[in-house]
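This report considers selected helices and a domain arrangement. The sequence and structure are shown first.

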Amino acid sequence: MYVAVKGGETAIRNAHALLAETRRGDPAVPEIGIDQIAGQLTLAVDRVMSEGSLYDRPLAALAIKQARGDLIEAIFLVRAFRTTLPRFGYCLPVDTARMRVERRISATYKDMPGGQVLGPTFDYTHRLLDPSLAGGGAAPAEPARAPLPDDAGAGIAAMPRVTDILDGEGLIEPAPASGEDPRDLTREPLSFPADRPLRLQNLARGDEGFLLALGYSTQRGYARTHPFVGEVRFGEVEVELFVEELGFAVPLGAVSVTECQMVNQFKGSAEVPPQFTRGYGFAFGQSERKAMSMALVDRALRFAELGEEKSAPAQDEEFVLSHSDNVQATGFVEHLKLPHYVDFQAELELVRRMRAEHGDALPQTTQEAAE
Amino acid sequence: MNAQTPTPQAESRQAEARQAETRQAKTPAGMPAITYNFAYLDEQTKRMIRRAILKAIAIPGYQVPFASREMPMPYGWGTGGVQVTAAILGPDDVLKVIDQGSDDTTNAVAIRGFFETTAGVATTTRTQDATIIQTRHRIPEGALQAGQVLVYQVPIPEPLRFLEPRETETRKLHGLADYGLMHVKLYEDIARHGHIATTYAYPVEVAGRYVMDPSPIPKFDNPKMDDSPALQLFGAGREKRIYAIPPHTKVVPLDFEDHPFRVQHFAKPCALCGAHGVYLDEVILDDRGGRMFVCSDTDYCNTRQAEGHTGEMSAPAPEAAE
C-alpha cells in the first residue's frame, strides 16, 4: 500500500538537529571558539571574507564554524547576510602604496626601494608534517622583524609599487583609466560586454579554485600572457569615506588586503611601441593564490583592447564571468538533489514510447493523445 | 498582492513597521546585531524587484534583468521565486508553496517555513484559498482564479540557452524575434525521433511576440498558461531575470501544422482518487516492476479523496490512508 509522502516538516527538523549534533562533534572535546578560528585559521577566514565580499573577521569565523569548515558554505552564509546590509556610500579607492606592508615581494627586481619583505609565508617551508603542532606545543619563537617604513610620510616613498617604478620609465602601459564610476555588481545584474571594473569586481568575488585553474591554463598556452609577478604585497590599508556634509574624507578603519600587480609582455602594434601590460589582482586578507590567479585572468580578459587573438577559455568574458561565482555554481550543481520526478516522469514517458515504437516489447504505460 | 492589498507605499510602510518587531537574533558582543525585514528583503530591494515585475507584466514573455540578491537558500533552490514572492507579499496574503505539485516535498516545506518565519503570513495547502502560489515544476490541476498570483521558480530562463550559450547572442535573437534556431531544433527532433523530444520546459510563444521558457513544468501543464485569469510571474535568481504572463494572455506552445503540440496522456487514472486527465507521478512499489500512478498535485488528490472519490489502490478504511 502506497503511503503518501507526508511529514516533510518533521523530517527536516530532525535533519537540522542531526546537522547541529554532527557539527558539534564529540561533546567531550572542547567546542571550537570563534576567536580560535579567527585567530588561527586566518587564511580560511581571509578566503571567506574575500569571496563573501564582506570584511568582518568574527562573522567569517562564525560562518566557518557554522559551515563545519566548508568554506563555500561559509562564503554563502556571509553573502546571504551581506546582501541585507544597507549601502551608506562607497569608500574612496584604497591607496595600496600607503600599505603597512607585512609582506612584499617582487619577482622582477632583485632589490628596489623598500626591499623584499618575506613576511609570513609558506613559500620557503618544507612541506613536512610537523608533529609538534599536534599536541599543543610550546609557543613559537619570537621572529625578528625588520623595522617597517613608518607610514607617517616616509612609508609612501619607501615602498613604491613596482608598477609605478616601471611607469616612471614609460615601460609599462599607464593604468587603464575607466572614466565613469564603476557599476556595482551586487546592485545591478551583470551584463555583457562588461568593462574592466566590472570584470575585476566579479573576479574579486570569484572562486579561488576556478580562477586558479583558469590562470594556470594561461600559463600552459591557452592565451599565454608571459606574466611576471611585478609585485605581491600584503598588509593593512586605510579605508576612507568622503562625507559630503563634512567636505573631507573620514577614515573608517583599516583592512588587510593582498594586491598582485602582474607585469605581462606586449608585442606592441602599429600605434603602440612594445611595452609591458598589466594584470591586476586584489583580495581581502592574505590571499596570494587568489590575487595572482585573478591578475592572470584579468590580463587574459583584456585581449580585445590589446588587439590580441581570442583563442582560449580564460579570454572568454561570458564564460569566465558567468561561471566564477561559487555560490551560484554550488547552488545550481547541488540543486540536482532536489526532486525532479515530474520532469523525469515526462522523460520516462517519452523514452518508453520511443522504445515501444522502436519495436521493443517494453510495457507501455502511457500513450499520447492529441490535445 | 491580492485585491485588498493597499498601495505599495502603504504596504511598504506596514512592512517597515513590522521591521521593528522582526526577530533580532542574539549575537555575542563584538558582532553586529543581525536583523531582517518583513519577508527578509529590505524595502529598497523589494521596490527594485517590483519595478522589474511591472516591466515584465508590460512586456509579456520578455526577460527583465534584475539585481538578484543572495538569498538564505542556495541558488537553484528557488531564489528567484522567493524574491518575487517576497516582493509582492503583503501581510494579508495567503501563501501556498508547491514543489513537483506537492506541498510536502522538502523544498516546499522549507520555503513555506521561510515566509512563515520572516513574514508571519498565513499559509495554506488549498489552491483556491491561496492568493500567492509559489511553484516549482508544476501548475496546479484546479483552475486558478482572477486575483491569484502564480510564482514560478526558474532555473534557466532563456529558452534558447541550450541552442546558443551566449547571452549577448540570445538577447539579439529575442530582439529580432529570430526564433529559427528553436524551430530547427524541434524539426530535427521530429526528423530524428519522430517526435518533438521536449517533454518539459516546452517553449511557448507569449502574446504573439516573445518565445519563453515556461520553467521545467511538464508540457502537460502548458495549456494551463494560456488565457489564465491568474497573474503568472517567473523568477530566476541565479540568472537574474524576471518575466511574466499577465492574466488572459495568449500562450501558444511552439509546434508545426503537421506535428501539432500534444500533451502527455496517462492510460490509467490516479490510483488514489481516480482522477482522469491529470498529471501523475509514478511510484515504484517493489523491485519486481510493481508501480502505481498517483496525482502529482497532492492538494487536488486529497480534495478529491475527501469528496469520496476512490482509485484502485485506495485504502479500504480511512485510518489507513494517511
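## Model and conventions

This is a predicted model, in which local features need pLDDT of at least 70 and side-chain atom pairs count only at pLDDT 80 or more, while totals for chains, interfaces and linings use all residues. Residues are numbered from 1 along each chain as its sequence is written, and chains are lettered from A and ligands numbered from 1 in the order in which they are written.

Helices (DSSP H or I runs of at least four residues) and strands (E runs of at least two) are numbered from the N terminus. A residue is termed buried if 20 or more other C-beta atoms, placed from the backbone, lie within 10 Å of its own.

## Helix α7 of chain A

In α7(A), residues 162-169, the buried residues include A:Val162, A:Thr163 and A:Leu166. They cover an arc of only 95° around the axis (from the directions from the helix axis to the C-beta atoms), which puts them on the same side of α7(A). The buried residues of α7(A) pack against β2 (227-243), β3 (248-264) and β4 (277-284) of chain A. Just after the helix, A:Gly170 takes a positive phi of about 75°.

## Domains of chain B

An automatic or database assignment gives domain 1 (8-253) and domain 2 (265-315) of chain B. Their centres, taken over C-alpha atoms, are separated by 28 Å. The contact (C-beta atoms, placed from the backbone, within 7 Å) takes 14 residues from domain 1 and 7 residues from domain 2 of chain B.

Technical notes:
Buried ≥ 20, exposed ≤ 12 C-beta atoms within 10 Å, placed from the backbone. Contact = placed C-beta atoms within 7 Å.
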